[in-house]
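Please keep the sequence and the structure in view while reading.

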Amino acid sequence: MNRTLVMWCRTGPHLTRFCLHHRVGSSVHPYSTSASTSGQDVQDPILLPFTQCGVRPALARAMAAAFNITSPTPLQANLLSLMARSPTRDLIVRNATGSGKSFALAVGLLNSPRPPSPLAERTGGIQPAHLLLVPHPDLAHQLTRWMHALVPKDLHAHVVAHALPGMPDPSAADKPHVLIGTPTRMLDLLANGVLDPRAIGTLALDEVDQLTPPIPRWDVQRASVRRRHPRPVEVLVAQLAAKRSGSPEVADMPGDELVRMLTSGKEKEGRLPDGQFKAWLKAKPRMVCVSATASSVVRTHLVSRLKWMHPRRWAFVDGEQHVVGPRVRHCALVVGAGKESVASLVLVDRHETEQSSLVKAEEDKDAHQASVTDLVSSLVAYARATDVKHALVVVLGDVGVNRTVDEFNKLFNIRASVWSPSSSSSQQSTAAVDPWIQFQVVSYGGIRGLDIPDLTHVFLLGAPADVSEYQHIAGRVGRLGGSNAKDAMVVTFCDVKSGERLRQIWQWMGDKRVKVELVDAEVVDKVKFGGTV
């Protein structure tokens, strides 16, 4: 069965259309149920949507059984097709939060066969077929659970291995198909000779703009500082390709120096010589970088500055344009010092000509700002007034996670815990007298990419720094496949000064059809005076 996929690839400053001609089911995967694909499997109507994307029938059948997923989204179809039929093409993937990007990435790595090793001898190090880098361990455990659900139990150790802080080194006795870890831990394995990079076929990065935050072209000072002090993921990618290149001059170069030479734009700044750069680029594994906020700034950072994308062989796979789930509702309460005033934040249409107040509150912006206790008290009163029993609380700015948990437990008798993917590791309070309300508290850095089942409410303590931060926080609700998407809400509790920044964020997101609501006046009064329903 032949099929042609038309995508857009950036070559230099221009967009070029390219076509990929592929044949479904023509290659062999070590985890397929048979060495060949039967015509009956390809024509199975349940498996057909995924097999047309190059996914092997055994894997498509496992997705239907474990997750009741029988057809991909348009972006998932494009991503899986490119990963299956173009094994050397670098990819940058963007779609809205909660749209299934990470799941498609996990499936694509399982579906990708192990590339032929350039050397037959073993060095004693672990030889994964693919590397998957994540910003924090919780996301690694989530991806592992998904992958384990798609393969037989006796193959779990051969499919996924971990390289996470605090965990022992993965065993070199096995050749795991996917090695998941954080960049810092991977660097340790590489430096100690535990990780052999020569057999790696794909280097995937989930939440890439958190692993390596972009630097705008005009910010010369930040770019100079980053060249001197690169991020761990930047050093890791540079060293992986250098050790695979076979060039002693590049392979023996310190990682920091190699990144500096790769990111230097001029020869007088110490740019890597053309011959060595070509050897490095040729040896680099196929890169797949995924993020909901892979903006033009992020893409320029990956392509032009870091040189992670092959100049003639990369594609930008873009999905839906809405910022967060279209059914998610957004609102905010602006809290004054001592809760003397509580008001719903008003989103003013940017096309209105008349003057409008930011919030209908009595204080001006120079008044005393609300304390952490004021914000937490407002959050508790809102939850009781609206009958919210379970929510994820994201603390921003200088508000600490542990302090917020203590405020909930000791001052308001609310059952609260530091968020963890397993309930056994959550530090839950046993002294709480209100067992019906349960909050899980987390910081922004530990939340990106996570899929929390049945979550309907996200509460923010403090205003986010920018649109990207708000987008990733709001994306914890209204996710693909969620049964409670229609009830999803994102509620922000902030002071007056932070309210202006949040209003500006909403105004930018308003063009993306974000549904902003006013908090009911009766609820506002109950929040102000601490009343309950």
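## Helix packing and an aromatic pair

Helix H4 crosses helix H5 in a right-handed manner. The model is a predicted one. H4 covers residues 74–85 and H5 covers residues 101–111, and the two pack at an angle of about 25° with their axes 9 Å apart. Angles under 35 degrees count as roughly parallel, so H4 is roughly parallel to H5.

On the H4 side, the residues in contact are Leu75, Gln76, Leu79, Leu80, Met83 and Ala84. They meet Lys101, Phe103, Ala104, Leu105, Val107, Gly108, Leu109 and Asn111 of H5. Sorted by class, this contact has 10 nonpolar, three polar and one charged residues.

The table sets out both pairs.

| Helices | Residues | Packing angle | Distance between axes |
|---|---|---|---|
| H4 and H5 | 74–85 and 101–111 | about 25° | 9 Å |
| H16 and H17 | 372–386 and 401–411 | about 60° | 10 Å |

The angle of about 60° between H16 and H17 makes H16 oblique to H17. The crossing of H16 past H17 is right-handed. H16 contributes Val372, Thr373, Val376, Leu379 and Val380 to the contact, while H17 contributes Arg403, Thr404, Glu407, Phe408 and Leu411. Here the classes are six nonpolar, two polar and two charged residues.

Next come the aromatic rings. The structure holds eight aromatic pairs. How are the rings of Phe103 and Trp146 placed, stacked or edge-to-face? Their centres lie 5.7 Å apart and their planes stand at 75°, so the pair is edge-to-face. Phe103 belongs to helix H5 and Trp146 to helix H6 (residues 137–149), so the pair ties together parts that are 43 residues apart in sequence. Phe103 is also one of the H5 residues that meet H4.

Finally, there is the database record. An unreviewed UniProt entry places the feature "short sequence motif: Q motif" at residues 48–77. UniProt also places "domain: DEAD-box RNA helicase Q" (unreviewed entry) at residues 48–77. In the model, this span is 63% helix and 0% strand, and the C-alpha atoms at the ends of residues 48–77 lie 12 Å apart.

How values were computed
Residues are numbered from 1 along each chain as its sequence is written. This is a predicted model: local features need pLDDT of at least 70, side-chain atom pairs count only at pLDDT 80 or more; totals for chains, interfaces and linings use all residues. Side-chain values use heavy atoms; hydrogens and water are left out. Axes are lines fitted to C-alpha atoms, for helices over the stretch in contact, and angles run from 0 to 180 degrees between N-to-C directions. Helices (H or I, at least four residues) and strands (E, at least two) are DSSP runs, numbered from the N terminus. Angles under 35 degrees count as roughly parallel, over 145 as roughly antiparallel, 65 to 115 as roughly perpendicular and the rest as oblique. A crossing is left-handed if the near helix is turned anticlockwise from the far one by less than a right angle, and right-handed if clockwise. Contact means heavy atoms within 4.5 Å. Ala, Val, Leu, Ile, Met, Phe, Trp, Tyr, Cys and Pro count as nonpolar, Asp, Glu, Lys and Arg as charged, and the others, Gly among them, as polar. UniProt positions are given in the numbering used here, feature names are shortened, and annotations may be inferred rather than shown by experiment. Rings of Phe, Tyr and Trp (its six-membered ring) pair if their centres lie within 6.5 Å; planes under 30 degrees apart count as stacked, over 60 as edge-to-face and the rest as tilted.
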